[in-house]
Amino acid sequence: MTGGSYARKSLTVGASSGGATTNSADLQWTGMPACTIVGWEIWDSAGTPVRLWYGPLDANKTLAAGDEYKITAGNLSLSMA
């Protein structure tokens, strides 16, 4: 995604249970560019970042320039089978 004031956010997760966890804090981006969000990615914060996890959204999200995008706590579910 380019434009707007989009920036990466730090992800905080709760303790896992049965191989699954969720975000324990809201993830919020303001001043987004006009776009359609179709998926998400999780990267580490090393000197040369590595993508750790990715996936599609349940439904695409279309934003107008300046909109906010928010994933409230508990709504980003991560699990390993």
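Tutor: Let us take W43. Leaving aside residues up to four places away in sequence, W43 touches R8, P49, V50, R51 and L52. The model is a predicted one, and W43 is placed in strand β3, which covers residues 35-43. W43 counts as partly exposed, because its relative accessibility is 35% and this class lies between the limits of 20% for buried and 50% for exposed.

One of the contacts of W43 has a particular geometry. The charged end of R8 sits over the ring of W43, at 5.2 Å from the ring centre. R51, which is also among the residues that W43 touches, lies over the face of another ring, that of Y54, with 4.0 Å to the ring centre. As to pairs of aromatic rings, the count for the model comes to one. A separation through space can also be given for W43: its C-alpha atom is 19 Å from that of G74, and the two residues are 31 apart in sequence.

L76 is found in the loop between β5 (69-71) and β6 (77-79). With a relative accessibility of 10%, L76 counts as buried, since the cut-off for that class is under 20%. Beyond residues up to four places away in sequence, L76 touches L11, T21, T22, N23, L27, W40 and I71. The C-alpha atoms of L76 and G39 are separated by 11 Å, while the two residues are 37 apart along the chain.

The setting of both residues is the protein chain, which has six strands and zero helices. From the N terminus on, its elements run β-β-β-β-β-β. The C-alpha trace spans about 40 × 30 × 20 Å along its principal axes. Of the 81 residues in the chain, 20% are buried, and L76 counts as buried, whereas W43 counts as partly exposed.

Two further totals concern contacts and surface. Among contacts between residues at least 6 apart in sequence, 63% join residues at least 24 apart. The chain exposes about 5600 Å², of which carbon and sulfur atoms supply 50%.

Conventions:
Residues numbered from 1 in each chain as written. Predicted model: local features only at pLDDT ≥ 70, side-chain atom pairs only at ≥ 80, totals over all residues. Heavy atoms only, no water. Helix = DSSP H or I, 4+ residues; strand = E, 2+ residues; numbered from the N terminus. Buried < 20%, exposed > 50% of the residue type's maximum accessible area, 1.4 Å probe, protein only. Contact = heavy atoms within 4.5 Å. Areas by Shrake-Rupley, 256 points an atom, 1.4 Å probe, with all protein chains shown as cover. Phe/Tyr/Trp six-rings, centres within 6.5 Å; stacked < 30°, edge-to-face > 60°. Lys NZ or Arg CZ within 6 Å of the ring centre and 35° of its normal.
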